[in-house]
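Me: Got a model here that I'd like to walk through. Can you take some questions on it?

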Amino acid sequence: KEEAVEIRYLLFLPQGYGSAEKKDEKWPLMLFLHGAGERGDNLDLVKKHGPPKLVQEKKEFPFITVSPQCPTGKYWNPQQMAKLVDHVANAYSADPKRLYVTGLSMGGFGSWNLLAEYPGKFAAAIPICGGGDPSKAEKMKETPIWVFHGAKDTAVSIKKSEEMVDALKKAGGNVKFTMYPEAGHDSWTETYNNSEVYKWLLEQKLK
């Protein structure tokens, strides 16, 4: 029997969500996985970087945004994250053809793992300064993936992203790679501040 797992998360609903004129609208949903430094049981930590930080300032963010918190000493569990996405997508008006995953550092690794475990679930992914298992590239080759990494990253070597990108290209995958030549580990601030990233995400939709 599966044991119950409590997942604490922040939820952001876009402007106009639930309004009378948009009551039948299906919204894109973004799962954001934070890095190792934001683990714990204080949800405020999750607001330190990325979408949960942005939505405090930019209320017109167009995604239902789910930002869970990973407990201290643990890593992202793909099964739990897939269930969380399903739970939120069912509870709110999410478009099942527009589910997206993104994450930074430990969350970048978590994003790659989710893509390998649940091929075809997400319409697109943005793993930032993470890495995955290149032998699983074949499974995720249908998913549009935009990878970001800083060339001077000493915490997670850019080689980790390069390996995944190369493996995906060999598998005939749909992958873009942005390398910041001067960035260290923080390649996420610039990425999440870039409106092109969200524009690209919203263009991706499952058939």
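Me: Which backbone nitrogen lies 3.0 Å from a polar atom of the side chain of His34?
Reply: The backbone nitrogen of Cys70. A polar contact is a pair of N or O atoms within 3.5 Å; within protein, one must be able to donate a hydrogen and the other to accept it, and residues adjacent in sequence count only if both atoms are side-chain atoms. This is a predicted model, where local features need pLDDT of at least 70 and side-chain atom pairs count only at pLDDT 80 or more, while totals for chains, interfaces and linings use all residues. Residues are numbered from 1 along each chain as its sequence is written, and side-chain values use heavy atoms, with hydrogens and water left out.

Me: Where does His34 lie?
Reply: In the loop between β2 (27-33) and α1 (50-57). Helices (H or I, at least four residues) and strands (E, at least two) are DSSP runs, numbered from the N terminus.

Me: Buried or exposed?
Reply: His34 is buried, at a relative accessible area of 0%. Buried means under 20% relative accessible area, exposed over 50%, partly exposed in between (1.4 Å probe, protein chains only).

Me: What does His34 touch, not counting residues up to four places away in sequence?
Reply: Arg39, Val46, Pro68, Gln69, Cys70, Trp76, Leu104, Met106 and Gly107. Contact means heavy atoms within 4.5 Å.

Me: Switching to helix α6. Which residues are buried there?
Reply: Val197, Tyr198, Trp200 and Leu201, in a helix that covers residues 195-203. Down the axis of α6 these buried residues fall within an arc of 160 degrees, so they line one face of the helix. The arc is that of the directions from the helix axis to the C-beta atoms.

Me: And what is exposed on the other side of α6?
Reply: Ser195 and Glu203.

Me: Which residue caps the N-terminal end of α6?
Reply: Asn194, with a side-chain oxygen 2.9 Å from the backbone nitrogen of Glu196.

Me: Now Met164. Which helix is it in?
Reply: Met164 is in α4, residues 158-170. Met164 counts as buried, at 0% relative accessibility.

Me: How many residues apart in sequence are Met164 and Met140?
Reply: They are 24 residues apart in sequence and 11 Å apart in space, C-alpha to C-alpha. Met140 is among the contacts of Met164 beyond four places in sequence, with Trp112, Gly131, Gly132, Asp133 and Pro134.

Me: Last one, Ser111. Where is it?
Reply: In helix α3, residues 106-117. Ser111 is buried at 0% relative accessibility. Leaving aside neighbours within four places in sequence, Ser111 is in contact with Leu33, Val101, Thr102, Gly103 and Pro127.
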